[in-house]
Structure formats: structure tokens, C-alpha cells
Amino acid sequence: MENHPIPPVYDKNSKILILGSFPSVKSREMKFFYGHPQNRFWKVLAGLTRSECPQTIEEKREFLIHNHIAVWDVIKSCDIIGSSDSSIKNVSVNDIKNIIENSDIKAVFTNGGTAHKLYKKYMDCDYEAVKLPSTSPANAAYSLDKLINEWKVILDLSLIHISEPRN
């Protein structure tokens with residue numbers, strides 16, 4: 001049984017919540033979200049916000065807060081082989097009520113099919129999640145440009161702002 005080692009990132013101004021399924025081995029080692037260098041999560045968000053791609057954990061945390069994005073995962077603990085979502089069994093889910101009650105969440109998005117399926121099955125929440133294609137390197141059918149284009153629904157809903165480029 002693996003336990004989720006990463007606390008959620010959000011503040012009172014967070015407008016969107018992006019939920020993954022469960023952190024990869026690399027993310028669990030780093031103790032931060034989307035830690036595998038091949039995962040395109042940070043590049044997609046940087047592309048959407050026309051920002052530099054954050055590199056350090058502190059830069060990533062700052063980036064999320066600055067852009068009013070909350071991030072967490074659906075699963076609190078599970079049996080998993082490596083980083084394979086398809087191997088997930090014996091799921092216990094995170095309680096997202098604290099995020100919802102202590103922020104300004106307007107919409108929930110799931111990063112990939114597994115997160116979406118688990119959200120629909122287990123989450124007791126008033127938000128209908130919007131399923132986005134996974135940023136995982138395992139989702140080879142999607143180029144970075146195609147991912148950014150699909151994730152633009154976040155911008156279409158005017159839920160995050162386009163940052164002025166930082167110097």
C-alpha cells in the first residue's frame with residue numbers, strides 16, 4: 001500500500017482545481033506533483049499562461065498560486081505497481097472539501113482518464129469534472145501542442161489569467 005506523500009497546493013484565491021490520479025514514483029520521491037521530467041504538465045500550463053516553465057519545486061508552487069490553480073490527486077492511498085495507473089487497486093480517496101471550502105474554486109479538471117473515472121466513482125462533490133487528456137509520457141498520442149490545445153478549455157472558461165512575462 002502506497003500513501004500519497006504530497007499535500008495539496010492551493011490558497012484562498014485558487015479558481016480551478018486540477019486533480020491527477022496518484023503521484024508517479026518520481027513525484028513520490030521528489031514529494032511534489034508531476035516530478036517526472038517527461039511529464040508535460042508544467043510545459044502545458046506554462047504554454048497556456050505564456051510563462052516560463054517553472055523548474056524548482058518552489059517555482060512550481062509559486063506558479064500555481066500566481067495563476068490561481070490548485071493541484072492535488074484523487075487517490076489518498078492505493079496498491080500500485082511503479083507508476084502504472086492501470087495497476088491501481090484498493091483505492092482510498094482524498095477529501096477535497098477542505099480545498100473547496102477554503103478557496104474560490106469555480107471548476108474541477110481531471111488530468112487523464114484514470115483520474116476522471118476515479119473522481120466520478122468516489123468523489124462526493126458538487127462539481128462536474130472536465131476530463132483533460134493526460135500529460136503523462138505514457139500518453140504518446142498527444143504532442144505537446146495538441147495537449148496545450150486541448151487544455152485551452154481552462155482559458156475558454158476564463159478561469160486563469162494570462163500572465164505578463166516575468167523577467
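Helices here are DSSP runs of H or I with at least four residues, strands are runs of E with at least two, and both are numbered from the N terminus. With that in hand, the protein chain reads β-β-α-α-α-β-β-β-α-β-α-β-α-α along the sequence. That pattern holds seven helices and seven strands. The radius of gyration is 15 Å, close to the 15 Å that the globule rule gives for 167 residues, so the chain is as compact as a globular protein of that length. That radius is taken over C-alpha atoms, and the rule is 2.2 Å times the number of residues to the power 0.38.

A word on the source. This is a predicted model, in which local features need pLDDT of at least 70 and side-chain atom pairs count only at pLDDT 80 or more, while totals for chains, interfaces and linings use all residues. Residues are numbered from 1 along each chain as its sequence is written, and side-chain values use heavy atoms, with hydrogens and water left out.

Now the chain as a whole. Its C-alpha trace spans about 45 × 35 × 30 Å along the principal axes. Of the 167 residues, 44% are buried. Buried means under 20% relative accessible area, exposed over 50%, and partly exposed in between, with a 1.4 Å probe and protein chains only. Contact means heavy atoms within 4.5 Å. Among contacts with a separation of 6 or more, 64% are between residues 24 or more positions apart.

Next, strand β2. How many of its five residues are buried? Five of the five, residues 16–20, so β2 is largely enclosed by the rest of the structure. In general, side chains in a regular strand alternate between the two faces of the sheet. In β2 both faces are covered: Ile16, Ile18 and Gly20 are buried on one side, and Leu17 and Leu19 on the other.

What lies beside β2? Two strands pair if DSSP finds at least two bridges between them. Strand β3, residues 69–73, runs parallel to β2 and is joined to it by five bridges. Strand β6, residues 107–111, is also parallel to β2, over four bridges. Leu17 stands opposite Ala70 in β3 and opposite Val108 in β6.

There is also an open sheet of three strands, in the order β1-β4-β5, with antiparallel pairing. Its edge strands are β1 (2–3) and β5 (89–93), each pairing on one side only. Two bridges join β1 to β4, residues 75–79.

Which strands does helix α5 pack against? The buried residues of α5 pack against β2, β4, β5, β6 and β7 (130–132). Those buried residues are Ala115, His116, Leu118 and Tyr119, in a helix that covers residues 113–122.

Last, Pro23. This residue sits in the loop between β2 and α1 (25–30). Is Pro23 buried or exposed? Pro23 is buried, with a relative accessible area of 5%. Leaving aside neighbours within four places in sequence, Pro23 is in contact with His4, Pro5, Ile6, Arg28 and Asp73. Pro23 and Ile99 are 76 residues apart in sequence, and their C-alpha atoms are 18 Å apart in space.
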